[in-house]
Amino acid sequence: MILVDIDFCDEGRAREIAAIDLLSQPAPWPLEAILKDMRERQGEVVYLGAFYKSGMVGFVALEPRAEDLWVLQLSVDPERRRWGVGSQLIGAASVFADERGCSRIFLSVRASNRGALEFYRALGFRQREVLINYYSNGEDGIRMFLELW
Ligand SMILES: CC(C)(COP(=O)(O)OP(=O)(O)OC[C@H]1O[C@@H](n2cnc3c(N)ncnc32)[C@H](O)[C@@H]1OP(=O)(O)O)[C@@H](O)C(=O)NCCC(=O)NCCS
């Protein structure tokens with residue numbers, strides 16, 4: 001376990017976010033898309049970064065929608081996995097959800113992403129439904145949720 005600092009990210013952190021996403025996701029978010037998000041959806045989409053010795057080791061992108069908080073993306077540097085970084089990011093997302101009056105956290109994960117499914121289950125998320133052909137490559141998604149209160 002490493003104890004990370006978690007903070008809100010602005011455009012100055014977009015390159016680090018894109019670099020970690022590139023190493024982590026089958027369909028990574030391009031830098032331009034992250035910058036556009038930050039400029040045009042300020043306050044709607046929030047990025048939290050996890051920092052260890054001042055370098056970014058993971059991030060989560062969040063969108064509050066009424067009483068639910070959606071995890072849009074969550075990526076941890078492959079060299080820092082299984083060190084509790086993802087858990088701390090979801091912990092911070094839960095605090096953020098609470099502050100925004102959101103009682104549940106929702107997300108979708110690729111059906112083939114066994115590691116992520118195990119991770120979310122370990123944190124108490126439960127499966128809500130299967131989303132047929134949800135991803136652009138035709139892969140199914142699994143919608144999961146966590147009730148905070
Ligand atoms: C999924 C991901 C965010 C987990 O981050 P992490 O920092 O490694 O997770 P943690 O160290 O907090 O793991 C907490 C617990 O979750 C479970 N877990 C995490 N990754 C797992 C894996 N690959 N296989 C099985 N269980 C896993 C374990 O129970 C783990 O506790 P343990 O290490 O004491 O056994 C990370 O693997 C990642 O970035 N993956 C690529 C991107 C991705 O799939 N994102 C999520 C879907 S968008």
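Before the details, two notes. The model is predicted, so local features need pLDDT of at least 70 and side-chain atom pairs count only at pLDDT 80 or more, while totals for chains, interfaces and linings use all residues. Residues are numbered from 1 along each chain as its sequence is written.

I start with the record. UniProt, in an unreviewed entry, places the feature "domain: N-acetyltransferase" at residues 6-149. Its positions are given in the numbering used here, feature names are shortened, and annotations may be inferred rather than shown by experiment. Over residues 6-149 the chain is 31% helix and 35% strand, and the end C-alpha atoms are 23 Å apart. Helices (H or I, at least four residues) and strands (E, at least two) are DSSP runs, numbered from the N terminus.

Next, the sheet. Strands of a sheet pair through backbone hydrogen bonds, either parallel or antiparallel. Here, two strands pair if DSSP finds at least two bridges between them. The sheet is open, has 7 strands with mixed pairing, and runs in the order E1-E2-E3-E4-E5-E7-E6. Which strands stand at the edges? They are E1 (5-8) and E6 (126-131); each has a single partner strand, so one side of each is left without a neighbour in the sheet.

Within the sheet, E2 (residues 46-52) and E3 (residues 55-65) pair in the antiparallel sense over 7 bridges. Phe 51 stands opposite Met 56 in E3. The loop between E2 and E3 holds Lys 53. Phi of Lys 53 is near 50 degrees, a positive value in a residue other than glycine. Lys 53 counts as exposed because it has 8 C-beta neighbours inside 10 Å. The cut-offs are these: buried means 20 or more other C-beta atoms within 10 Å of a residue's own, exposed means 12 or fewer, and partly exposed is in between, with C-beta atoms placed from the backbone.

Arg 82 is the other loop residue, found between E4 and H3. Arg 82 is not a glycine either, yet has a positive phi of about 65 degrees. With 10 C-beta neighbours inside 10 Å, Arg 82 counts as exposed.

Last, the ligand. Of the 20 residues around the ligand, Arg 81, Gly 86, Ser 87, Gly 115 and Glu 118 come nearest. A residue belongs here if its C-beta atom, placed from the backbone, lies within 6 Å of the molecule. Strand E4 (68-76), helix H3 (85-99) and helix H4 (114-122) each give two or more residues to this shell. H4 gives the largest share, 5 residues.
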